[in-house]
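Hi there,

Here is the structure I promised to pass on to you. Have a look at it first, and then read my notes below.

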Amino acid sequence: MKHKSLEKYSYTFMLLGLMAVVLLFFTLTKGAMLWKGDVWLGIAMQFPEYGVVTLGLMFCFICGKMDMSFMALGNFATIMAVRYMAGRADSPAGGVILVGILIALAIAACGGLINGLLVAYLDIPPVMATIAMQLVWTGLSVALTNGNTVKGLPALYTEIGHKYLFGFLPVPLLIFLVIFAISYFLLQHTVYGEKLYMVGTNIKAAEFSAINTKRMVIGTYILCDVICCIGCLIMISTLASAKADYGTSYVMRCILILVLAGVLPDGGMGRIWNVLIAIVTIQIIATGVNMFSNLNTYYASLIWGALLIVVLIMSTGAGSGLMKRFTRQKA
Amino acid sequence: MSEYLLQMTGIDKSFGGVHALDHVNFAVRPGKVMCLAGENGCGKSTLVKIISGVYTRDSGQVTFEGKTIEKITPAEATRLGIQVIYQDLSIFPNLTVMENLAINSEITANRKLVNRKRWEQTAKEALSKIGYDIDLHTKMGELSVADKQLVAICRALLFNAKLIIMDEPTTALTKKEVDALFKTVRQLRDSGIAIMFISHKTEEIFEISDDVCIMRNGKNVYSGLTADLTKKDFTYYMTGREIEDDYFIPKNISKDPVLKVDHLTWKDKFQDVSFELRKGEILGITGLLGSGRTELALSLFGLGKVDSGTITLNGQQVRITSPIAAQKLRIGYVPEDRLTEGLCLRQPIADNIMLSSLKQLTRTLGTIRHDELFEKSNEWVKTFSIATDDAHKHASTLSGGNQQKIVLSKWLNNDLDVLILNGPTVGVDIGAKQDIHALVHDLANNGLAVIIISDDLAEVVVNCNRVIVMKDGSLVGEMEGDRITEENILEIIR
């Protein structure tokens, strides 16, 4: 029994091993520079915004669907929120911020609903439907802003992104942890989570088992886009503005993290702990590469890509065969 | 030259610790049909793969046309004249019949340019070998399974095949198509080609084969003339146990019908279908593929349409618009295609069993108790003796029969009035088939109303106390009790 439960976590061990290798590499090359409090505080400040977005997309992937529109939608939602907040400098900041956040989340929920309707009721392939919606949201944002940044956030709001709770806990990290806890609860302890994995594995069988699959798909898109929007709300706080094309590189980065974590868009697969490990590993690489002053930061994405290939090879049958041969020769 | 075309003796093959083939002996005579029979997982496919060169044997001797063959590779097998027609047929669905037929010889000849005339000639020559006529320019994907099979046979003949191996060719065919296929098989046999026919269907084996080789658990338990075997012996060799046909005798049929269907019509699928179903009954619905039998079931389960007509449940007229509505009305449906419609293969057995009754497990805030889910499903694993040591294992680890038991328990975990079984034992071996039939008898006698939809006439005859027959979307016959025989049903269907 013990052995079996270990097997279940073998992928987690592999990811932890990968993280250890990455840490070892930067320790060997940069030594003490990596193990400073500031560096780790920086890591803790940077990953939450796309970490939250990744958690949102995770729901979509487990459901066996894809979303390409979440950043465009998040940008549009935050642009609308900033426009609302910017015009009300004289009202009490707390109320304005709350309404602004609600506006953004409501827009994101509508965007998710549209994605869900397109996919569940009109049977449009998820990638196509959400790419179309991505263009729509980007187009709307650019039309509204002429492609310029939208500024004028209340000072209180921009502080959130840089604030530490109790002097050591960055607020973005706190938000990430809360979203992580909620996601964990949803996936592991609710009927929704149970259904999500089953629908993602075989949506037809789920339908034949009297599960309302259309509602599941639509609900999941709404959940995904709302959580992604929370990530965008953190982002505009650290950048003190909103723009039509903020964080567009996050789309690919989130997909990369999820696939690295074994949450494949085929659906029904993946554990949330692995996603957490993958998010942190990706950030450690980015931070590590930054420490080489002569290296362009784009080297980070080169390493990310190489890492993804290695993980994909190891998780295929051919890869595990190679591994076995390798370990057998050693033993 | 020896009497045999292909002779294999003492074939052994292990995968890891599993002894898949244990000293298997068998032989194929030229110009004869040899049936390789056995339940799922008995080693039939492994044996075929050794013959075709996909696997290498661990030990044993192979002689082909009197010559000992040391190592068989796929290329060597083709050169010898061994052709395998696999279940998936290995065709290119987006190419035309002509392209499918000609492509192999074009590649073998290493030609780089396309000459449509030559292609057409090759294709025509192939078709003429079995006197089969079809439009060369039809896309392969548009053909029926039966036609695809014939094209695959023609393609095999282009390689001057001496031995054609067919892997369960009748699985997706209707009775008529099976007859047509058998005609072709006999034609090939008479022209001197040896046919190896893999199947687990008793009737077909007795109808078509000259010799038979029966395998069980990686050993061959019988090989010899089919004529020397009785059907009873055959079943014994297949399963290792004596099995009697256990006819269903209804014990307590309710007076009032639980389900009443009046003039039900789904345009272009079926029309004007009326019948009644009482508690304690097992009603058979049979008909050929495309007779509307599956569509009728889907309409009763909320996945099909109802254009006109009514459905009455327990005296109340109802509209069934979705499986969720059907479930509320206490109707359960075990679908035709277990793998795509019945199971989430990559998920645990336990979760599959509880999939349609998650409401029972819902606690405050929509939370779920996993231990309860596991406990409940374990009860079903015990009740149905599903062959697993751990319900946390994926559903894909089980054989067809055990998988079907999962789908059954999924619905029986709900309180049902009507249970619709569509093809309940397709792809299920004889032993498990018997278990499932016995179980359905019990259910009916305990007051469930059961509908069995099947084109396996033997199954319908043994298990139903009443049968309705559909043809081209219409109800064309109804029979009860002793009048239910295969002959009577066939007479109406044809």
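Let me start with a pair of helices in chain A. On one side, A:V39, A:G42, A:I43, A:Q46, A:F47, A:G51, A:T54, A:L55 and A:M58 of α3(A) are in contact with A:V275, A:I279, A:V280, A:Q283, A:I284 and A:T287 of α13(A). Sorted by type, the residues of this contact are nine nonpolar and six polar, with no charged ones. Please keep in mind as you read that this is a predicted model.

How do the two helices lie relative to each other? Helix α3 of chain A covers residues 37-62 and helix α13 of chain A covers residues 272-291; their axes come within 9 Å and cross at roughly 135 degrees. The crossing of α3(A) and α13(A) is right-handed.

Next, the place where the two chains meet. Chain A brings 19 residues to the contact and chain B brings 23. On the chain A side, α9 (191-201) and α10 (203-208) each supply at least two residues. The top contributor on that side is α9(A), with seven residues. By type, the side of chain A that touches chain B has eight nonpolar, seven polar and four charged residues.

Now to chain B as a whole. Its secondary structure amounts to 17 helices and 20 strands. Chain B has a radius of gyration of 25 Å, close to the 23 Å that the globule rule gives for 494 residues, so chain B is as compact as a globular protein of that length. Where they touch, nine residues of domain 1 of chain B are in contact with eight residues of domain 2 of chain B. Which helix gives the largest share of the domain 1 side of chain B? That is helix α8 of chain B (residues 231-239), with three residues. The residues on this side of domain 1 of chain B divide into one nonpolar, six polar and two charged.

Enjoy exploring it, and write back with any questions.

Best wishes

Technical notes
Residues are numbered from 1 along each chain as its sequence is written. Chains are lettered from A and ligands numbered from 1 in the order in which they are written. This is a predicted model: local features need pLDDT of at least 70, side-chain atom pairs count only at pLDDT 80 or more; totals for chains, interfaces and linings use all residues. Two residues are in contact if their C-beta atoms, placed from the backbone, lie within 7 Å. Helices (H or I, at least four residues) and strands (E, at least two) are DSSP runs, numbered from the N terminus. Ala, Val, Leu, Ile, Met, Phe, Trp, Tyr, Cys and Pro count as nonpolar, Asp, Glu, Lys and Arg as charged, and the others, Gly among them, as polar. Axes are lines fitted to C-alpha atoms, for helices over the stretch in contact, and angles run from 0 to 180 degrees between N-to-C directions. A crossing is left-handed if the near helix is turned anticlockwise from the far one by less than a right angle, and right-handed if clockwise. The radius of gyration is taken over C-alpha atoms; the globule rule is 2.2 Å times the number of residues to the power 0.38.
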